[in-house]
Amino acid sequence: MTYSFSFGKTLTAGLLAFAVSAPLPASASDDVQSQTELTERVEKHAPAKELYIKDRPILGWKIIGNKLADLPDAIRGPLGSVDTTGYDDAYIAKNVGSVVALQMSNSGPDFYVIGKQSFTSGYEMVGLDEVAARNTRLIKRLEMAPEVLALFNAKDAGLTGALKTVPVEMVRMSAIGYAQSSEVTIRSPWGTQTKPADQDGFLLFDTGENQYYMVNQGADGNPASYVPAR
């Protein structure tokens, strides 16, 4: 099977070479990296593109209201906390019809909004029973978010399962000159995101927003909640 992707600017050597010079120190941790800077680095380093796919269905909260306050407190509170992403009413309104992904790390909630175009073109909704059967790790970790677990156990109508059906291309931030040892904050479609020091980050290009966003590294070394596509 052959996959075809659009990843923003053309990367002429992307799949043929991993032409990367020694990592440069990132700017100071309070210096937000712009979309222009990210694009220029991708063009300069022509990094290898890696294909990843979600390995199990996720749990999501349907976005039907156009304000942050329309989200339940149990979901709004942790939203964007892991990578210090800030969301506002305008971004929520723009993504009515998508979901808040209720991802759980090994230390607690890692909730984020999936862009509407990405959701409608790359996901299919599945039942909560399928989430329970195929993503037992997530359901176990919901014990760290008891109010969300209560919503799940009650099969609240605001919840849905969602399965990502297509692989996505990512590039490692270390492959475009950001040292893994450095904390890096980038400007993303919905605000800012931060890569912690001493780990890598992965950039995806959102064709709907025409911008990059970041997925932080999981404990297994892959982007959080992804596995290599085969």
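Trainee: What makes the meeting of the side chains of Lys94 and Glu209 a salt bridge?

Mentor: The N to O distance is 2.8 Å. A salt bridge is a side-chain nitrogen of Lys or Arg within 4 Å of a carboxyl oxygen of Asp or Glu. The pair of Lys94 and Glu209, at 2.8 Å, therefore counts as one. Lys94 lies in helix 3 (residues 89-94) and Glu209 in the loop between strand 11 and strand 12, so parts 115 residues apart in sequence are tied together. Helices (H or I, at least four residues) and strands (E, at least two) are DSSP runs, numbered from the N terminus.

Trainee: What kind of model do these values come from?

Mentor: The model is predicted, so local features need pLDDT of at least 70 and side-chain atom pairs count only at pLDDT 80 or more, while totals for chains, interfaces and linings use all residues. Residues are numbered from 1 along each chain as its sequence is written, and side-chain values use heavy atoms, with hydrogens and water left out.

Trainee: Why is the meeting of the side chains of Glu209 and Lys94 also called a polar contact?

Mentor: A polar contact is a pair of N or O atoms within 3.5 Å; within protein, one must be able to donate a hydrogen and the other to accept it, and residues adjacent in sequence count only if both atoms are side-chain atoms. The side chains of Glu209 and Lys94 are listed at 2.8 Å, which is within that limit. Glu209 also takes part through its backbone nitrogen, which the side chain of Asp206 reaches at 3.1 Å.

Trainee: How do you know whether Glu209 is buried or exposed?

Mentor: Buried means under 20% relative accessible area, exposed over 50%, and partly exposed in between (1.4 Å probe, protein chains only). Glu209 has 16%, so it is buried. Asp206, in strand 11, is buried too, at 4% relative accessibility.

Trainee: Which residues does Glu209 touch, not counting those up to four places away in sequence?

Mentor: Glu209 touches Tyr91, Lys94 and Pro189; contact means heavy atoms within 4.5 Å. The C-alpha atoms of Asp206 and Pro189 are separated by 8.5 Å.

Trainee: How many salt bridges does a search of the whole structure find?

Mentor: The search finds 9. One of them joins Glu169 to Lys49, with the closest N and O atoms 3.9 Å apart. Glu169 lies in strand 8 and Lys49 in the loop between helix 1 and strand 2, so this pair ties together parts that are 120 residues apart in sequence. Glu169 and Lys49 are both buried.

Trainee: What makes Lys140 exposed or buried?

Mentor: Lys140 has a relative accessible area of 54%, so it is exposed. Lys140 forms a salt bridge with Glu143, the closest N and O atoms being 3.3 Å apart. Elsewhere, salt bridges that share partners join Glu50, Arg172 and Asp200 into one network.

Trainee: How do you know that strand 2 and strand 8 pair?

Mentor: Two strands pair if DSSP finds at least two bridges between them. Strand 2 (residues 50-54) and strand 8 (residues 168-172) have 3 bridges, so they pair, and they run antiparallel. In strand 8, Glu169 is the bridge partner of Leu51, and Met170 is that of Glu50. Strand 8 is also joined to strand 11 by 2 bridges, and Arg172 has Phe202 as its partner in strand 11.

Trainee: In what order do the 5 strands of the antiparallel sheet stand?

Mentor: The order is 12-11-8-2-13, and the sheet is open. Strand 12 (211-216) and strand 13 (226-228) each have a single partner strand, so one side of each is left without a neighbour in the sheet. Strand 8 is mostly covered, with 4 of its 5 residues buried.

Trainee: Why is Asn222 called buried?

Mentor: Its relative accessible area is 16%, so Asn222 counts as buried. Asn222 lies in the loop between strand 12 and strand 13. Its contacts, leaving aside neighbours within four places in sequence, include Tyr52, Phe202 and Val227. Asn222 and Tyr52 are 170 residues apart in sequence and 8.6 Å apart in space, C-alpha to C-alpha.
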